[in-house]
Amino acid sequence: MPEEFEPRIVAFFCNWCTYLAADLAGTSRIKYYPNAEVVRVMCSGRVDVQFVLKAFAKGADGVLIGGCHPGDCHYQEGNYKALRRYRLLRRLLRQMGIEDERLRLEWISAAEGDRVRAVINEMVETLRKLGPLVKSDAARAHLLEVA
Amino acid sequence: MSEPFGPVRIGVYICHCGTNIAATVDVKALAEYADLLPNVVLSRDYKYMCSDPGQDLIRQDIRDRQLNRVVVASCSPHLHEHTFRTALKVGGLNPFYFHMVNIREQASWVHESRAQATRKAKDLVRAAVQRVAFHQPLERGRVAIQPDVLIVGGGIAGIHAALTLANAGKHVFLVEREATIGGHMAKFDKTFPTLDCAACILTPKMSAVRSHPNITLWTYSEVTKVDGYVGNYKATVLRHPRFIDESLCSGCLECIEACVYKQAKVNDDFNMGLSKRRPIYIPFPQAVPQVPVVDPETCIQFKSGKCKTTCIAACGDRHAINLHMEAKEEQIEVGTVILATGFQTFDARRAPYYGYGKYPNVYTALEVERLVNASGPTAGEVVLRDGRRPKAVGIVHCVGSRDENTNRWCSRVCCMYSLKLAHLVKEHTGAEIFNFYIDMRTPGKGFEEFYQKLLSERVHFIRGRVAEVTDWALDSSEEGNLVIRVEDTLAGFVRRIPVDMVVLATGLEPHADAPEVRRLFNISCASEGFFLERHPKLAPVNTFTDGIFLAGCCQGPKDIPDTVAQAGAAAAEALALIDAGYVETEPNTAHVDEERCCGCKTCISMCPYHAVAFVDEIHKSRVNEVLCKGCGTCVAACPSGAIRQNLFEDDQIFAEIEGVLSNA
Amino acid sequence: METATAPEVKRRITIDPVTRLEGHGKIEIFLDDRGSVERAYFQVPELRGFEKFAQGRPAETMPQITSRICGVCPMAHHLASTKALDNLYRVEPPPAARKIRELVYNTFMVEDHTLHFYFLGGPDFVVGPKAPAAERNVLGVISRVGVETGRKVIEMRRKLRDLIAVAAGKAIHPVFGVPGGVSKCLTCEDATQFRSVAAEAVEFAQFTLQTFRKVVLENGEYVGLIKSDMFTHETYYMGMVDERNRLNFYAGDLRVVAPDGHEWGKFTPSAYAQYIGEHTEPWSYMKFCYLKDVGWHGFAEGPESGVYCVAPLARLNAAEGVATPLAEEAYLEYCGVLGKPVHHSLANHWARVIELLYAAERMKELAQDPEIADRNVRILPTAIPTEGIGVVEAPRGTLIHHYSTDSQGLITSCNLIVATQNNAARISMGVEKAARTLVTATSVDDGVLNMVEMAFRAYDPCLGCATHALPGSMPLSVQVRDSLGRVQTVLRRDADGSIHRE
Amino acid sequence: MKPVVAFYWCASCGGCEEAVLDLAEGVLNVADAVDIVFWPVALDFKEKDIEAMDDGAIAVSFVNGAVRTSHQLQMARLMRRKSKLVVAFGACAQLGGIPGLANLATAGDILREVYGGTAPELQFTDNGHTLTLPKLFDSVFPLDRVIPVDYYVPGCPPSPKIVSDMFDTLWNGQLPEPGSVLAPDHAMCDECPRRDSRPQELKLDRFHRVQERVIDPDRCILAQGIPCLGPATRAGCGSRCIAGNMPCTGCFGPTSRMRDYGGKALCSLASVVEGNEVAEIDRIFEGLVDPVGTFYRYSLPSSFLERKRLE
């Protein structure tokens, strides 16, 4: 893949931990890659597997789900639901030829502004190595051939 | 997507936030870009959208340009979502036809490249524009506020908050873990910088608490469970048995005198172990309540069952002593909670190079507070463990503060209390006092003046972090003394100061069990472990959980005036809720489309609040919107999509996802 | 497909489409310059790739996945697959389960053969090959045999299919097959229902045989047509037989007889790969089966060519008798008239009616078996799966499912030989022979086209999946081109049977 | 004048036609009610005739089967042009169906698998005889991916009731909203005879494959640890598989509020398992050996991702 490839990441952040951490990163002026765009949900438990699939289908090279640490969920156990869905979805994505690294679930508490930077930067670098989800124009064209 | 106002007409507002956003995001370009997006009828950029003129813009455009959807791209929704929703409401539009884009905390402040930050801002605005088109009008629910208040922690913060609320006519449950209220302040002798006696200002408030009709005081008690939501919390309080019935005890304390132990043998925690107490004791003379407590660990009756229980005899026909008393649980319902759980002091053993616990004459500041205290173990005599009066005293600042190896933060109070102790010890002993400091921090009313006063009292100040405290003498002058090794950064060489007493100015840190308490009340901690306020400046006593407030050092180190001020603020916040009588809830709850629910019951087990119930008669699930906290977990779990969540409808989220990516 | 636009040196006739196994069939007839047939090709122009996407699927899902190969004979695929699972997991179903499977399977055979005889094959005889195409369809049949019979046929099929649904979940794409048995047992009520319908089925089959005797056997012209050389091929024949070499659809060994009728080989189905080869032609998506030991020598007849066929005709050739009394009787009559082995493709129709009777009788036997309602219908397998092969006789001939799996039972390779593949070579030959005999540049007319059709319809090729092709209404077009590929004449026959010359 | 209708099929098994025939006596009524101008068999040859017709001359075309070849694509477009209404009939046309599992592979993979070395060629000349075959796409497509579809009839195959209801709706009823699926819009669980046996607090600590346990014919199948997609699948099938004591595999596809059938079904099923530790959770999911085959058995081509990622 050409160097100029910049991965696009859709990030589903829970309102109480990870989204606040992202805000904290902001107030702390912590700098990180601009490749991730945040969709706010109240809880990682709201993240429907369909959302992740939609993001991949619409051109995301990676999807990041951020929730509260185990035991710290603002809604007690929503993050465990997210974890279970994530583990099964991963296996499905593998069958679909999508690498594990493209979908990450991370626990980031409201206090961990720096972790937002670490996780996003790390993911961006990994995805740069992996290259785009849609590997070639040919592959892109294929699904259009009948449209 | 047309009803109820005809075609969707979106207004987009880009905030400069002065230069906070404008410096990194090309707000003009962003506004022009937004203007071209579908359904957008106008797009403006403005210096401060949150300002009155900014909000007026929105109100006017709603009227003049018939907007029926509004997008504001500015700071975090946690900051101003409410502000702008209100602006819509005032403008005559349902406040939920609004979506906020965070281009400050999550764009301008975190990216350097103007081009990239602007590109990202465009993506986010585009997403919001697509999302908001699917927004529906919603009504806020109202929840009545139960007027009683739970205050956890009976230090000066809890006391002050309790009295404020009680005086305002609200009933307060004040729960304290120790046998008495008073907290750390009760241990102090004088308070800086005014040197007025801590007891003199604290104990009246303590007794006021005891006697206040609106305060239920539960000492020796802990909150073990909290359920519910703002306005309607249910708390369980575990009351440890003190083996003396508060309602029967008159506080004569004869039982203590009567104890079979003639000599007190047990370390007295209140005096930092510098004195002894009996198994039946009262923490300190002015303790509130004035009711002794029996320590089953050391009481012979508990250990052997063979005690003559002279205490019971002494109590006579009051029968206040009941050695069979058992722990009991109290269930209370309150509308608001104030956490004033305070702090713990840094354990000086974690800085072994200062010799605490190794050299008997190395003391912590709190121990010296007791030594100088007239009601302390030595009745105010500052003497070493061997009874000698110290001739030279070294006070080491920043022990467990401003230190990579222990705690990074400045504990804010150590400089000042070190100065206070320097003054008091000198006053009591006339000893030479050496202060070893990194920086002298005196940012408070009368603080700097106090520092100057100390300088004039010829207290020595040596600038430098102390390397170690040792008894290894290099010459006769050091023999039998403790030697403080320090690099005098002003003089520019390493010095060895022989002293016979070392005082460690230990810092403040969160209680070891702060994480459990945080979970109990479903709030967050900041990275250093103190409870996290909703906003460092604009909501310093609020938490992210409505109806739960913070006061005192549980939120971060602070001195007494600040603590009292914050306690007052917390009380005021609680009052505001109580007197409003109700709180408006976020409408982002889940609801079941009963037409389409297939009754598979998947959702039932999803909800930790039992807000989803299965109604057998109709074989469908139903959501209790009052219990629902709006996490949306059941929505994602509903296999046939029959459960929906206001403000987080599938339509809206899918539109947002597609919006973010639609230039991909 | 518009094949003629490519510059053609040869003249060609395109009969397109025929019908499908996976997609649709297509016949290409090439004429030499004198206008007589030089070569005919029978193409299958589609492929769905079950063998590929079966990989990675859990073996136990194959009975349901593979039934989707054909919605007309899903039961055949479902049970071939289920038997492959028994074999894969080395587990022998309990007697009741085995009997339920065979009962349901024979119920299905009655239903499917009925469909073919009345709706598809029948019209050629009942109504007559030369009759106006407009009448050569099920309505024509009904008008001959009477509306009552028509309703009777429809009603019979409905009852049979409802029964199948009772035992198998769904008539189309059943679900009851699991390794080591069936998913549910039959209740006594179910069994009673089966018994009563089975009785009707036997009567119905006898009635059908009577009809066939009346309208075909008593008609010399038809018998002549059946015996005529253009519908005759001397090839090998394969079919499943029980331990006494009698016809069986559900279980047994595969027996192959040579063109001269003597047993050429008999083998347990799981050994099929040693005997059967698959030949690929670059112009068709369908593979052509042949006998390995004889070898592939092109589309040729005789003992030297590995070409063989399956389906009713072949089954009766491969068997030495039929296990039920009434059908046995009919079988002997059949051999009496046509001798043995029978090489006449059109005799498939007669053989089919005999099989119909057998299936009905077998159904009755099993429905009366006291064990049929036993509650023990499953044995849970314990073996580590590796490889499994399952074979049944589908209405249209031998059907083979062959799976290999990993230790988790996930399919690693899957080979499917469907009935019509066995016949593909002979069908091509049949088409070519019929074309040679009948077609010349000038002789093309409706009757001719129908005769050509009859050559493959006799096999009821599953790629003829019945329901789609009402005989005679199969629209055909013949384009005769000059050596530059320019169209000279186009003869077109529409669904209503009318002929147009353009 | 009876309405003119056409039946046409793409990549399908013929089961959908059988489903129509399973109206049995009902077929005759249908035959009376309408004028069937084409049988599906009339493909290529009929192309000319269809082209000759006026656009929209056909009242309703019932198209079953997915789109797999260049030729089916061409035909689908033609049928659309000539028909007032196009009904995607059956799971393959609606969702891609089981042949849609081929989207886990490419045309190349399939040809290699089936023929090894000597794969058929799109155009082949055998001593002067040129024969052609249509192109296989790398992917299978549901009908509405290539042409606009007016109505959908779910099922593999559609149940007799669904089919007769469809005819009623089309001839006698007022037409539902375009794009509707002609079946109830709630999940199959609601019609399941075992629905009351589903526990309220279902928590699965392992999954079973059908050969691993005997299924209790009276209890909720999912509650027995066997993945059953009834809660996520549109009703209308008459829960025939459940009657056959086997789990629902989802052939009736999604309800109107699901956008990616498999994704939603997975999301839901994953929500009811035990375990807070990754290791524990993974152990449980090892019982689901084939997620794609389980959740997308009939709908891979209509999923958001449509197919396995192409190299």
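**Figure 1. Pairing of D:Tyr8 with β3(D) in the predicted model.** In this predicted model, D:Tyr8 has D:Val63 of β3(D) as its bridge partner. The two strands concerned, β1(D) and β3(D), are parallel and are joined over 5 bridges.

Figure 2. Helix α7(D) comprises the 12 residues 160-171. Its end C-alpha atoms are 17 Å apart, which agrees with the 16 Å that the helix should span at 1.5 Å a residue. Buried in α7(D) are D:Pro160, D:Ile162, D:Val163, D:Met166 and D:Leu170. Viewed down the axis of α7(D), these buried residues fall within an arc of 170 degrees, so they line one face of the helix. D:Lys161 and D:Asp168, on the other side of α7(D), are exposed.

**Figure 3. Helix α7 of chain B and its packing.** Residues 198-211 of chain B form helix α7, which has 14 residues. From the first C-alpha to the last, α7(B) reaches 20 Å, close to the 20 Å expected at 1.5 Å a residue. The residues B:Ala198, B:Ala199, B:Leu202, B:Met206 and B:Val209 of α7(B) are buried. Down the helix axis, the buried residues of α7(B) fall within an arc of 95 degrees, so they line one face of the helix. Exposed on the other side of α7(B) are B:Cys200, B:Pro204 and B:Ser211. The elements of chain B against which the buried residues of α7(B) pack are α6 (156-167), β7 (172-175), β8 (190-191), β9 (196-197) and β10 (215-218).

**Figure 4. Strands β9 and β10 of chain C, an antiparallel pair.** Strand β9(C), residues 276-279, is joined to β10(C) by 4 bridges. Within this pair, C:Glu278 has C:Cys289 of β10(C) as its bridge partner. In a regular strand, side chains alternate between the two faces of the sheet. From β10(C), residues 288-291, C:Phe288 and C:Tyr290 point one way, while C:Cys289 and C:Leu291 point the other way. All four of these residues are buried.

**Figure 5. Stretches of chain C with pLDDT under 50.** Chain C has a mean pLDDT of 82, and 78% of its residues reach 70 or more. Over residues 1-10 of chain C, pLDDT stays under 50, and the model has 25 contacts beyond four places in sequence for this stretch. Residues 17-23 of chain C also have pLDDT below 50, with 41 contacts in the model beyond near neighbours in sequence. Where pLDDT is low, the predicted coordinates should not be read in detail.

**Figure 6. The side of chain B that touches chain A.** In the contact between these chains, 42 residues of chain B meet 41 residues of chain A. Helices α4 (104-108), α5 (114-132), α16 (633-637) and α17 (650-661) of chain B each supply at least two residues to this side of chain B. The most comes from α17(B), with 7 residues. By class, this side of chain B has 21 nonpolar, 12 polar and 9 charged residues.

**Figure 7. Contacts between chains.** Among the 4 pairs of chains in contact, chains C and D share the most contacts. Chain A and chain C have no contact, and their closest C-alpha atoms lie 9 Å apart. No contact joins chain B and chain C either, where the closest C-alpha atoms lie 22 Å apart.

Conventions: Residues are numbered from 1 along each chain as its sequence is written. Chains are lettered from A and ligands numbered from 1 in the order in which they are written. This is a predicted model: local features need pLDDT of at least 70, side-chain atom pairs count only at pLDDT 80 or more; totals for chains, interfaces and linings use all residues. The expected span of a helix is 1.5 Å times one less than its number of residues. A residue is buried if 20 or more other C-beta atoms lie within 10 Å of its own, exposed if 12 or fewer, and partly exposed in between; C-beta atoms are placed from the backbone. The arc is that of the directions from the helix axis to the C-beta atoms. Two strands pair if DSSP finds at least two bridges between them. pLDDT is the predictor's confidence in each residue, from 0 to 100. Two residues are in contact if their C-beta atoms, placed from the backbone, lie within 7 Å. Ala, Val, Leu, Ile, Met, Phe, Trp, Tyr, Cys and Pro count as nonpolar, Asp, Glu, Lys and Arg as charged, and the others, Gly among them, as polar.
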